[in-house]
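The following paragraphs lead the reader through a structure, from the meeting of its chains to a single residue.

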Amino acid sequence: MAGVGFGTLLLGVSAAWLTAMCDFPGRKILSWAFLLPMAMPAYIIAYTYTGILDFAGPIQSILRGIFGWSYGDYYFPQIRSLGGAICMLSLVLYPYVYMLVRIAFLEQSTAVLEASRNLGKKPWETLFLVALPISRPAIVAGVSLALMETLADYGTVAYFGVSAFTTGIFRTWYGLGELTTAAQLCAFLLLFVFALIMAERWSRQRLRFHHNSANKKLVRMQLKGWHAYIALLIGCLIVGVGFVIPATQLLIWASSRWQENLNGAFLSLLFNSFSLAAIAAICCVIVATFLAYTKRVFNSRLELGAVGVASLGYAVPGTVIAVGVLIPVAWLDNKIDFFSRAWFDIPTGLLLSGTIGILVFAYVVRFLSVSLNTVESGLSAIKPSIDESARSLGARPAQVLKRVHLPILRSSLLTATLLVFVDVLKELPTTLILRPFNFNTLAVRTYELASDERLVDAALPALAIVVIGLLPVLLITKSILNERARHE
Amino acid sequence: MNDQLVIDKVTVTYDNVAAILKASFSLAEGEIGCLLGPSGCGKTTLLRAIAGFEPVIEGSVSLHGKSISTAKYTQAPEDRAVGMVFQDFALFPHLNVSKNIGFGLSKMPAKQRDDRINKMLALVSLGDSAEKFPHELSGGQQQRVALARALAPNPQILLLDEPFSNLDAELRTQLATEVRTLLKENKVTALMVTHDQDEAFAMADKIALLNGGKIVQVDAPYQLYHKPSSLFAADFIGKGSVINVGIDAAGLLGNNLGSLSIQTLPKDLGNTVKLLVRPDDVTYDKTSDTKLPIISKAFLGPNYLYELALTDGQCVPCLTQSHIDIPIGETLPVRFDLRHVVIFNGE
């Protein structure tokens, strides 16, 4: 965890510093390319690099070919290790830090930085003495988000055989069949998550104080000559290692087995994943819209609390949610079964567990906050005076909803649906635990194939996930472009 | 009586606290009224009660002889024919200027609606911005769209909630005068809320001054300025100082202020009075023997506003032409012109 924290901090902050405060050829492209690794789920990048760096992989083979080494002659870092897992997670999670810190850099007053230069500090001293301390809340918020994802990660650590909370829960649950121990582990994990949530909330509040609304022109440091090349090189290296290389490898693998793998089974896999994600996304958005309106209309302490609790789900690892959902549902199933046997002599068996319904329910719990945030920010754009002006112009409440709210909210509702859709598609542990028997999704299939060391076969579903994962990156890019229009 | 709007002993509560208490006020057809008062005095609440967004607890609001709000009945805002211009303008961000203006005309046939929209666009001189969206307009233009939108359905009264507070200071008074001309030419009955007396003076025929949820005075702007009925009104409107002065039976004032004509004085005065001294009640006269020390002075362009100390330490303002420039600490020869001074009972 500490490793990932440090890794995301290093990558995220340097990426943000380069694109926000410096100017060099290629900066504009890099400022959105830095987001690309977000499209890559950690377990996919993990197994891709395993394929590339393993003994039989292209890198080691080439090295052996050049130097004539054979097995055991040379040292090569083992990717399937704790260090490897830290690298993989850092590579795909740094965009969280990048996004928040970049905005913090863009919005902090340039006058402060200029004052520091004026008082005789060199650019890099300014970075450490002024810019970074000012952006600390954004950095803490970004790193906490990355750490939450780290705690939630199951695929990477399981694949690399690293012992972590999530794999422990999984093992006690399936291997040892110890429900209570698994639940205890979950509770303990939640403690960590809770600490992270507190850190994140706290820093977000601080973020508000630091927010400087003064309208100022951003002056970027012009990098020239070899400085510019180094900046460009660092940028390309981060994006290359985090996205381009693994994506290319996936593409090569996928195209090599194109014919065999693109069959009916794959199509039904696509269909399963898409319909599941679509159902979950629509459910999420409906619930989120309902909650957001409740909050808007009543705005009392009780409702605010309920909405607050409902939005905690995103921080809770999928494994924990799965276990948390399964235990009460199994209890309910047993009760129903007992009841119907006693009264009607009909065994119902497990009525709810292992159905799509319960899976969708777990997704809604986990991803509700994603849609809630989007819908709420959309709704906050509609000030109460807008409703009132529509009313005073003769529109009835239902017409206000139809003629004013829906048109304004449409794009945020679509965005919310898309975000949840993609998140569900990528979600591994929840699906793995709660899916109905023989029901496969892209994520599960990728993970299974990769665990069986059928890396090449796993590439096609993995590639599908990555391509779909690019959608929200495009969305964020769009908003970054708008933002740039404001800042430049 | 052809009163367009009648507010009769209206009480409105906000979070169970009376925000408006037994307020009465009326506006004749075509008259422009103003609710003026410090922030938190309840003026916006009263406006929202007229628009139908807040129910009244007591009393009644009637429009054109028809009761629209009573303790038992609150007509829905959409059925009231009340136009409103909001403080933040509340333009619909997803609709362009003509669709914003046409929002309240959905029941009209299309042809008639287009005519009306064009007429309103011409009225506020925004004909060339019809296709633009609210975020593409300047603050002043947005304000005019909000005005046109509220006027388009031909409301029986137009309500304006701090309509100029979102605009630059230089624009405010100019726009207030423009809006007044526009409303007068179209014979619109209007009621505005503001905390800015300059706006109120520029816009209104009739001002209701509010304090702590009560209407303390209803008068024309001139009357409100020169004949405030309470210390609050005297203090809130215009510049000036209220001083305590001793007075004897002959009307002679303490502090060498001269004397007041005893006939004009109320009968039951004690031996001290409170006087509202406006800057123009104290005039510069270099021949005068009354020389008062200068405490502070402010340069206002054409004028200097001096603050002068009386013998007992109380201060009075004095407005002079700006070439009369005497440093702080020295004295200014003045003459008191107490014909228009406002007198309150002492204590």
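How many residues does the contact take from chain A and from chain B? It takes 15 residues from chain A and 17 residues from chain B, where two residues are in contact if their C-beta atoms, placed from the backbone, lie within 7 Å. On the side of chain A that touches chain B, the elements giving two or more residues are helix H18 (384–392) and helix H19 (397–426) of chain A. H18(A) gives the most to that side, with seven residues. The residues of this side of chain A divide into seven nonpolar, four polar and four charged; Ala, Val, Leu, Ile, Met, Phe, Trp, Tyr, Cys and Pro count as nonpolar, Asp, Glu, Lys and Arg as charged, and the others, Gly among them, as polar.

This is a predicted model, in which local features need pLDDT of at least 70 and side-chain atom pairs count only at pLDDT 80 or more, while totals for chains, interfaces and linings use all residues. Residues are numbered from 1 along each chain as its sequence is written, and chains are lettered from A and ligands numbered from 1 in the order in which they are written.

Chain B has eight helices and 18 strands; helices (H or I, at least four residues) and strands (E, at least two) are DSSP runs, numbered from the N terminus. The C-alpha trace of chain B spans about 75 × 45 × 35 Å along its principal axes. Of the 347 residues in chain B, 39% are buried, that is, with 20 or more other C-beta atoms within 10 Å of their own, the C-beta atoms being placed from the backbone. Among the contacts in chain B with a separation of 6 or more, 65% are between residues 24 or more positions apart.

Within chain A, the axes of helix H3 (residues 42–53) and helix H5 (residues 82–107) come within 9 Å and cross at roughly 130 degrees; axes are lines fitted to C-alpha atoms, for helices over the stretch in contact, and angles run from 0 to 180 degrees between N-to-C directions. Ala42(A), Ile45(A), Ala46(A) and Tyr49(A) in H3(A) meet Met88(A), Leu89(A), Leu91(A) and Val92(A) in H5(A). The residues of this contact divide into eight nonpolar, no polar and no charged.

Ala443(A) lies in helix H21 (residues 442–451) of chain A. Ala443(A) is buried, because 27 other C-beta atoms lie within 10 Å. Ala443(A) and Ser273(A) are 170 residues apart in sequence, and 8.3 Å apart in space, C-alpha to C-alpha.

Terms used. A residue is buried if 20 or more other C-beta atoms lie within 10 Å of its own, exposed if 12 or fewer, and partly exposed in between; C-beta atoms are placed from the backbone.
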